[in-house]
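Subject: The two-chain model, handed over with notes

Dear colleague,

Please find below the structure I promised to pass on, and keep it open beside this message while you read.

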Amino acid sequence: MNKSWHLDRRTLLKGGGVALALPLLQGMVRADSATLPKRMLVSYFAYGAYMPHGTAGIPVADKPHHEWSWWPCKDAGELTFNKSSAPFEPFKNDISYFRGLDHQGGWALGGHSSGDVFATGADMVGKEKTNNISIDQVAANTHGHKTRYASLVLGTEGGTGSYGRSKTLSHRGPGRPIPSLNKPQEIFNGLFNPYAGRGVEQVRAGLKRESSILDLLLEHSRSFQNKLGSHDQRKVDEYLESIRSLEKRVERTSEWTHKPLPNVDTKGLNIEVSHKDPQEYIRCMYDLVYLAFQTDSTRFASLMLESEQSSDSEMWNYATYALGYKGATHDIAHKRPADFSGQWDRWRAEQHAYFLERLKSTAEGDGTMLDRTVVLWGSAHPHASHSTKNYPIQLAGGSHLGLIHGKLHSFTGDRKVPLANLFVSMLHAVDTPVDSFADSTSDMTEIRG
Amino acid sequence: MQYSRYVVALLVVSWLGTTAPAFGAERPIPKSIQTLISNHCADCHQGENAQQGIDLTSSSTLLTAFEHSDTLDRVYSAVKRRKMPPTDAAPLSEGNRQALLSWLLQELTIRAKDAEPTQPVARRLTNFEYQNTIRDLVGFEVNLIEDLPKDPIAPYRFNNTAEFMRMGPEQFNRYLEAARKVMASAIVNPEPPEIHKTRVEWQPHGTDRGLGADEVGVWGNRRNTPATGMGVRSFPPNGEFRIRIQASAILPQGVKEIPLRLVLGYNLNENSSTLRIRPVGTISLSNTPDAPQVFEFRGRIENFPTQPGRVVNDKRQPDRLTITFQNLYDDGTLNDDQAFLSPRNIAMPRAVINWAEFEGPVFDSWPPSHHTRILFESPLRETDLNQYVAMVLERFMNRAYRRPVSEEEVQRFAKIYDIVRPQLPSFEAAMRETLAMVLVSPQFMYHAPESDDAHRDYALASRLSYFLWGTMPDESLLAAAANNQLSSAKNINNHVQRMLTDRSRTLQFLDNFSTQWLSLSKLHTVPINRELFPRFLYYVARGERAGTEVPYRPTIRDYMVDETVHFMHDLLSRNQSLLQIVDSDFAMLNQPLAYHYGIPGVQGHNLQRVKLPPDSPLGGILSQGSILIANSTGSAPHPIYRAVWLREAILGDEVPEPPADVPALSDTAGESADSALTIGQLLKQHRQKESCNACHASLDPWGLPFERYNSIGRFQPLNPREGTRVSPYSSNTHGDMAGYQRYLESINTEEVVARTILPTGVEIDGLPELKSHLIDQHSSSIAENLIRRLTGYALGRELTWRDTPAIENLVNQSKQVDYNLRDTIVLICQSELFHAQILP
């Protein structure tokens, strides 16, 4: 049986080809830590997690800590680890857990839809019906121009989905979801082989031409739009906006043709992975984020690992492929079988820890990549999958960006604060000065170094 | 609302005690209606805690409630469907009910006349429409959908709804790439291309387990046979190809024909689940090896996935293509364990392929017709190139925009041509780029109201065409529009009738429509429990992947989608009553499906109408595998899923999502949730917990009558006794179908309970009783639902209260023609709704 495609991918993504790109990060280009990149990844898993002794996301006082609870330990304070969180033990001083956080805007969204606002905190039931800008895009608006790609938006199912059934975490603003990319080969080519074999001069000439054509097209489209009624005009705005932003992108791409592409060997690579190999697939997506960060192709990424509304995708069967669970993955959230719930969380933890490990084992400046990358990992539900309060939230990395780790923080009862407070701190860590985000009331002093 | 309940109560009293307040200045609510509402509705719909938030009491709030026409519409629908007043309240006399309904409808009608529409109707083409339109525009098959961001999916809704259809820079960029890809194929270079040919022959000798080296068995064959494929190393980058094969079939007694499928793409012998293929075609073989015949397949090379070449010594090998032959015959014994061993493969029908030939590109003349259709022959090309370019643009744009274009519009693109021509190496390249821009302009990509009154009929032609074909209007529709001969009822009728005779396009429409209407797509992802259903999926019998599902081969699940689509097509083409979706005396089956359902005597791979006996568990779509599997867990039926489906897809109710603060049922079972709650126990919990009961009392009963249909869509009236240990399936003793049947009989001993009491108090036992009940009591709701779905799909928007009077009208008209499906579609196309919002 021929498995060489498999080797190709693993060697390339794990070391081989990437070794070629390392000089970019070490030595030549940047020496002092002031110019080293500050990065952020927002990642999301669906259906909440197993919290047997405290299904509302807050442990019940008179029960012992469950060895398979998603929470590594019962009480706030120094982190200790249980079976479910064991993969994170090596990162004890690089991670924090947060209990009692959520987005008020998601409360009334319904148990199958609150993932829509995980990265935005928008009040979709009330005044922000078409969602709003996500945290990664806020950062990208400030620093995106420094890299070839302002941000990288990934997901396992691809596209934007629809309201209440989002397939992406990232939004430019109200009514402007960014479709997530889910095909590894396509993502890889986009990052490292954007000219598809054409020479730089040819690409530049093409871009120049494209820019002038798009200008004419925009004019032509305006005359179309002007003849429509007001509702339809607004609908066609999306189109005009798209051309405008493509024009900007063309300019930007053109500028970037003056800088060399990261030296990653793209020849003959096949990195397509089927959803039927969940671990391979998820790790491949994590690898791509890692590669994009490592080559400084972008500094802000979102990765929708799962969505609640996946019954028409193979994601519906992830737990079956990964663990042999006899049922839809969504059933684990509802039935919470003791034997699979913990294992499923543990499986997810292993994948995420794999990513953290890759960052941590890559030296950068006087630390590691993890020290300069803020990684959010969480869901929009606790154990009770229809509940939209008290999310499971883990934050990792960013020790050199002013974050301190090693604890579980509890914001329950009268200590409750919005999740958006953490977002504010994350944005500050990546040098994005905001006073507030969504319903935030302040930043989160607990993790400020 | 700032009134306390006490104050509200006072207001009610005072309202009833005084003269009727005016409803609007000129239209008071009739006194009789006021009395009706206060007698029958006010008990529950009162004050701050009014049920559903609909407060129908005090003078001021009566106004408030009905100020929102939405509420008026909801009240109308609830009374009409006899949901209100509920069964435990005092019933409304039929006279009063009619009086209330007619007042509500009258009020809705008056308001709808004045109301401005608030929804956008401008929307981009869906991916489905986009691909079809490009196909018809350039005149050959294109495969573009895979490169576009996925259109959103929402259960029971249509993705052509304007609000759903988003556009962003990423999408736009993909459209740009797709447009360039299409134009690269459509316009060729002047010099004829190099022709690539590959030919392979297979000899009958060298048998393996009795199978000759030129044969394709149902379980495949060993290496170097047509079953493992034929490599094509040299092929053009695009253009039409032809594959010719000489083939025949070895048919056992009683088998008349076998399906042979050709797929093109990656080499399927590699052990990976990410190999990509596309079918080229399926033929039926009935000729024997002593009378071999030559068959021809055609396709376009750029529509098929090529396998990237490997890197050897740092050099990339050329890309590859592989043609693989698949014998799709299935008489229900494919999953007999150990069946792959000799002599079973030789006992089954086999295809014989003597030789196969790949040739490409093929063309009748050079340049090919799809090229000359755009860059037509003309002396102008030599004498006045600018004039020629303008004419090319005008012809192309007239079709791309589905209406005559203005001189000004043509000139805009001529300008684009002027910019790109000096920068590109050839005239052809410049035209490709210019025309690609036409394909990303909003006039091509969007459905929008037509701003020029003279183009009204063109807009109507598009509306008809995108509704019934999912593509641009054909010559005949455009000609009718040009002559202003489209809008009359008679002409609409003629065109609709004509359009619906186009079998392949109508099937595409019904596939796209039904998949969304019935929310079928989740069918494919329900995890079938292999231990319970060891014979349903096709499993790999040996090797490293033994026991996993056979990839790259159509499954019974795929045929089930076809079953539903062809069923709808049969109703449509024979103009049968749409109520037959509930029950019918026929089913659309092929041999594998018939075997699955236990219907004897069906041969062949193509779906065919099969007459059902009166007591058959099949008939209608309620008992089709596509529905039953999609709404099950893969291990067991799921009465709640099935109930939601029935109420949404068939009865047209909107079933709310479980509210956010109500925990999922099984969560409430706490730590012992996993200790086997049967569905019966779960439902019982629903009834006991008040927060669940409010919704589930009106939901669960609709799903229980389906219980005798199992998780793989088969009728299964017996189950294992609950709580007993069932002896497991063993391939040694139960490997073949007879043994499997004996096994099922030995474990399934208990009658399945499918009895329920509907919210209306009617007792129902099993699906046949439910079907009769639906036909007797709910036929107008069922008809209204399908009419609403079809109309919403046709208009590309969600229907609102404004549409209720028009829909009422349509339902009544449809009833006059016995709800016959084709007539009903004609009525929709003739309706005022269909002709509205053509202009901005």
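In this predicted model, helix 5 of chain B, which covers residues 94-114, meets helix 30 of chain B, residues 804-816, with the two axes coming within 8 Å and crossing at roughly 120 degrees. An angle over 145 degrees would count as roughly antiparallel and one from 65 to 115 as roughly perpendicular, so helix 5 of chain B is oblique to helix 30 of chain B. On the side of helix 5 the contact is made by B:Leu105, B:Leu108, B:Thr109 and B:Ala112, while helix 30 of chain B contributes B:Thr804, B:Pro805 and B:Glu808. Sorted by class, this contact between helix 5 and helix 30 of chain B has four nonpolar residues, two polar ones and one charged one.

Helix 11 (residues 385-400) and helix 13 (residues 427-438), both of chain B, pack at an angle of about 30 degrees, and their axes are 10 Å apart. Because angles under 35 degrees count as roughly parallel, helix 11 of chain B and helix 13 of chain B are described as roughly parallel to each other. The crossing in which helix 11 of chain B passes helix 13 of chain B is right-handed. Here B:Val392, B:Phe396, B:Met397 and B:Ala400 from helix 11 touch B:Met431, B:Leu435 and B:Val438 from helix 13. The class count for this contact of helix 11 with helix 13 of chain B is seven nonpolar residues, with no polar and no charged ones.

Let me turn to the sheets. Strands of a sheet pair through backbone hydrogen bonds, and they do this in either a parallel or an antiparallel way. In chain B, four strands form an open sheet with the order 4-11-6-7 and antiparallel pairing. Its edges are strand 4 (230-232) and strand 7 (277-285) of chain B, each with a single partner strand, so one side of each has no neighbour in the sheet. On average, and with direction ignored, neighbouring strands of this sheet are turned by 20 degrees against each other. Within it, strand 6 (residues 258-265) of chain B runs antiparallel to strand 11 (residues 321-327) of chain B, and six bridges join them.

Chain A has an open sheet of eight strands, in the order 2-12-3-11-10-1-7-4, whose pairing is mixed. Strand 2 (77-78) and strand 4 (152-155) of chain A stand at its edges with a single partner strand each, so one side of each is left without a neighbour in the sheet. Strand 2 of chain A pairs with strand 12 (residues 407-410) of chain A in the antiparallel sense over two bridges, and A:Gly77 stands opposite A:Leu408 in strand 12. Helix 3 (residues 135-143) of chain A lies across strand 1 (39-44) and strand 7 (300-304) of chain A, and runs at about 160 degrees to strand 7.

Finally, the larger parts. The domain assignment of chain A gives domain 1 (4-188 + 263-447) and domain 2 (195-260), whose C-alpha centres lie 32 Å apart. In chain B, the C-alpha centres of domain 2 and domain 3 lie 36 Å apart, and six residues of domain 2 are in contact with four residues of domain 3.

Where the two chains meet, the contact takes 68 residues from chain B and 76 residues from chain A. Helix 7 (169-186), helix 12 (407-420), helix 14 (442-445) and helix 23 (665-668) of chain B are the elements that give two or more residues to the side of chain B that touches chain A. The residues on that side of chain B divide into 31 nonpolar, 21 polar and 16 charged.

With kind regards

Notes
Residues are numbered from 1 along each chain as its sequence is written. Chains are lettered from A and ligands numbered from 1 in the order in which they are written. This is a predicted model: local features need pLDDT of at least 70, side-chain atom pairs count only at pLDDT 80 or more; totals for chains, interfaces and linings use all residues. Axes are lines fitted to C-alpha atoms, for helices over the stretch in contact, and angles run from 0 to 180 degrees between N-to-C directions. A crossing is left-handed if the near helix is turned anticlockwise from the far one by less than a right angle, and right-handed if clockwise. Two residues are in contact if their C-beta atoms, placed from the backbone, lie within 7 Å. Ala, Val, Leu, Ile, Met, Phe, Trp, Tyr, Cys and Pro count as nonpolar, Asp, Glu, Lys and Arg as charged, and the others, Gly among them, as polar. Two strands pair if DSSP finds at least two bridges between them. Domain bounds come from an automatic or database domain assignment.
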